[in-house]
Amino acid sequence: MKLIRPLSALVLLVATALPAFAADPEFPPGLRLGMVPLIGLNAAKTFPGFESEDGSVKVLITELPPDAYGEVANAFKASPAGAGGVKPDKVETPAGLAYFTTETGKAGDALVKRYSMIVQGTGFSGYVAVQIPENATKIYTDEAVRQMFASAVTRKEVPVEEQLSRMPFKVTDLADFKNVRTLAPGTSIILADGDESTGFEPKPFMILGLIGATPQQAEDRARFAQEAALQIPGVRESRVTMSEPIRINGQQGFETRIDGVSGKDKTAVTVVQWIRFSSGGASLRIVASSPRDQWPNAFNRFRAVRDGIQPKG
């Protein structure tokens, strides 16, 4: 139960809408979990999920690591009656058995009712968080929310074109990477030879994304790039082997390479980080990792992807 409760705070829902359903499940772009939203809710503009026309009603849909579902299922079994005013429940869905909780709380000064649901997907756990103000609970009843949860469906793959279309840049060369996964919709994406079930580390993979404000002075950029490379999550025993300024598609950039170990099997890897600096707005950051014995071929693929990234518009 403790796993779901903090996550439920991610969504603030102040709503008025009809508790009826659209005809078909809808998938937020880039996600593998979808459901039939209540009528009056449409695709959200700034987050994955649904919202009302005025933006006051929100339903957050996201993906969690695959182990999250099992942790929640075990918590439900250990405490079937719930605790602290949290009511546990479960519902059958086309995606399988889902667990959800209902609780009351406050959003600012307003009394609210919160619902959190988790369902198992292939290589991920689907999570939904809903919040309803007290003055709308006669419209959005417990049964209406339950029916929405019961419509949850998953898909094994998100079309690559759909995922890439959400990114703030064009990726014109995938360098034969077949596994494309959105990490954060519209922000970062992973290209990999492996997958979630076997782990990404034993094979080459790349993470493409944007980072916020970066230093403008050359000496500051060098320090920034090295510090960022040494803090790459999942890489241990890191050692910088090269760090120097370069030009990436005509723009100022920085390349940093590190050796280290990664994954539960302590795979020896070489990692390259490229930062393409922007004079205004977000900068492009690419992190690419390969087992050391596969590095020469992987590095050529990494550069092909890097050089094929173009601005949109």
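Is Asp-89 buried, partly exposed or exposed? Asp-89 is partly exposed, with a relative accessible area of 23%; here buried means under 20% relative accessible area, exposed over 50%, and partly exposed in between (1.4 Å probe, protein chains only).

A word on the basis for these notes. This is a predicted model, in which local features need pLDDT of at least 70 and side-chain atom pairs count only at pLDDT 80 or more, while totals for chains, interfaces and linings use all residues. Residues are numbered from 1 along each chain as its sequence is written, and side-chain values use heavy atoms, with hydrogens and water left out.

1. Let us stay with Asp-89 and turn to its partner. The side chains of Asp-89 and Arg-146 meet in a salt bridge, at 2.9 Å from N to O; the term stands for a side-chain nitrogen of Lys or Arg within 4 Å of a carboxyl oxygen of Asp or Glu. This pair links distant parts of the chain, since Arg-146 sits in helix H3 (residues 142-150) and Asp-89 in strand E5 (residues 87-93), 57 residues apart. Helices (H or I, at least four residues) and strands (E, at least two) are DSSP runs, numbered from the N terminus. Arg-146 is partly exposed too, at 25% relative accessibility.

2. A second salt bridge worth a look joins the side chains of Arg-301 and Asp-193, at 2.8 Å from N to O. Here as well the pair links distant parts of the chain: Arg-301 belongs to helix H6 (residues 295-307), Asp-193 to the loop between strand E12 (188-192) and strand E13 (205-211), and 108 residues separate them. Arg-301 is buried, with a relative accessible area of 16%, whereas Asp-193 is partly exposed at 30%.

3. Please also look at Arg-257 and Glu-255, which form a salt bridge with their closest N and O atoms 2.8 Å apart. Arg-257 is partly exposed, with a relative accessible area of 22%, while Glu-255 counts as buried at 7%. Searching the whole structure gives eleven salt bridges. As background, side chains of opposite charge can pair when their charged atoms come close.

4. Now for the strands. Strand E6 (residues 96-107) pairs with strand E7 (residues 110-120) in the antiparallel sense, over ten bridges; two strands pair if DSSP finds at least two bridges between them. Thr-104 stands opposite Lys-113 in E7. The hairpin of E6 and E7 has two residues between the strands, and Gly-108 takes a positive phi near 70 degrees there.

5. E7 also runs antiparallel to strand E8 (residues 125-133), with nine bridges joining them. In E8, Pro-133 is the bridge partner of Val-112. These two strands form a hairpin with four residues between them, and Gly-123 in the turn has a positive phi of about 85 degrees.

6. Leaving aside neighbours within four places in sequence, Asn-179 is in contact (heavy atoms within 4.5 Å) with residues including Ile-190, Leu-191 and Phe-200.
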